[in-house]
Amino acid sequence: MGDLAIDFCGEWHEPSDEDVFSIGREGDLEVDDNPYLHRQFLQIARYDGIWWLSNVGSMLSATIADASGGMQAWLSPGARIPLVFSHTNVIFTAGPTTYEFAVHLRTPAFRQESRDEDSGGDTTIGPVIFTDSQKALIVALAEPMLRREGTGFSAIPSSAEAAKTLGWALTRFNRKLDNVCDKLDKVGVAGLRGGGGKLATNRRARLVEHAVTSHLVTPADLHLLEKHNAEKHNAEKHNADNPAAPDLNGTAKA
């Protein structure tokens, strides 16, 4: 058995030390027949005794994280990163679909000691503090990934779909999405803004990748969606029972 193993959708691959293992629309690991995905996107190979993950694509980037979420990197086109942890998660988005596979090393170069106080679910990343509604927005976008077990793929909801889940107007959702992305961008999270100060068009995908791999949101946070659905139901009931009164947002109804 080799030192390195790759898990995607329960399908396992074990490249040899001499292999250059390719991942993409075609290759040793054929991820998906997705026209947005490069034919050759990522490569795993061993050089000088170290396994490396390289991005050989021209457009897509990948988010790399250890199992605890304590280490995270953004692998842009042309970049490469050493695989040093016993368990590394790799997440990337092509078009509307997000993919995840895991890389396992039997003899990792780096062993991380986990501490109870480092467990996921916190609402802070460094100096960033999120309100309940901002965190609920992240959960709404990440819901398909949070409900999925193991590696595989899922679709990221559109802004309109996530807003509907939360019972918000699209303008409110987009305003809060701007705030969340700005907060993370200011503390150095890559990929949430485009050039010239314009917000990146794929920021929802990058936000989900960062939030899930860093454990900013976990399956335990799915209750936030139920909370907002309950608030939405109560608001609708209030408006139906009081047709002449302002709604719960303080807006007078015609």
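1. His215 lies in the loop between H4 and H5, where helices (H or I, at least four residues) and strands (E, at least two) are DSSP runs, numbered from the N terminus. At 25% relative accessibility, His215 counts as partly exposed; buried means under 20% relative accessible area, exposed means over 50%, and partly exposed is in between (1.4 Å probe, protein chains only).

2. The model is predicted, with local features requiring pLDDT of at least 70 and side-chain atom pairs counting only at pLDDT 80 or more, while totals for chains, interfaces and linings use all residues. Residues are numbered from 1 along each chain as its sequence is written, and side-chain values use heavy atoms, with hydrogens and water left out.

3. The chain contains 5 helices and 14 strands, and 44% of its 254 residues are buried. Among contacts (heavy atoms within 4.5 Å) with a separation of 6 or more, 52% are between residues 24 or more positions apart.

4. Asp48 also has a positive phi, near 50°, in a residue other than glycine. Asp48 sits in the loop between strand E5 (42-47) and strand E6 (50-55), and is exposed, with a relative accessible area of 82%.

5. H4 is mostly covered, with 10 of its 11 residues buried; Arg203, Arg206, Glu209 and His210 are among them. The cover over the buried residues of H4 includes strand E7 (62-66), strand E8 (72-75), strand E10 (87-94), H1 and H3.

6. His210, which is found in helix H4, is buried, with a relative accessible area of 6%. Not counting residues up to four places away in sequence, His210 touches Gln72, Leu184 and Val189. The C-alpha atoms of His210 and Ala190, 20 residues apart along the chain, are separated by 9.2 Å.

7. Helix H3 (residues 170-186) packs against helix H4 (residues 203-213) at an angle of about 55°, with their axes 11 Å apart; axes are lines fitted to C-alpha atoms, for helices over the stretch in contact, and angles run from 0 to 180 degrees between N-to-C directions. H3 and H4 are therefore oblique to each other, given that angles under 35 degrees count as roughly parallel, over 145 as roughly antiparallel, 65 to 115 as roughly perpendicular and the rest as oblique. Their crossing is left-handed, meaning that the near helix is turned anticlockwise from the far one by less than a right angle, with clockwise counting as right-handed. On the H3 side Asn174, Leu177, Asp178, Val180, Cys181 and Leu184 meet Arg203, Arg204, Leu207 and His210 of H4. This contact has 5 nonpolar, 2 polar and 3 charged residues, where Ala, Val, Leu, Ile, Met, Phe, Trp, Tyr, Cys and Pro count as nonpolar, Asp, Glu, Lys and Arg as charged, and the others, Gly among them, as polar.

8. The axes of H2 and H3 come within 9 Å and cross at roughly 105°, which makes H2 roughly perpendicular to H3. Here Ser159, Ala160, Ala162, Ala163 and Leu166 in H2 meet Leu170, Phe173, Asn174 and Leu177 in H3, a contact that divides into 7 nonpolar, 2 polar and no charged residues.

9. The axes of H1 and H2 also come within 9 Å, crossing at roughly 120°, which makes H1 oblique to H2. The crossing is right-handed. Ala136, Leu137, Ala140, Leu141 and Glu143 in H1 meet Ala162, Thr165 and Leu166 in H2, and the residues of this contact divide into 6 nonpolar, 1 polar and 1 charged.

10. Leaving aside its neighbours within four places in sequence, Phe173 is in contact with Leu137, Leu141, Ser159, Ala162, Ala163, Leu166 and Trp168.
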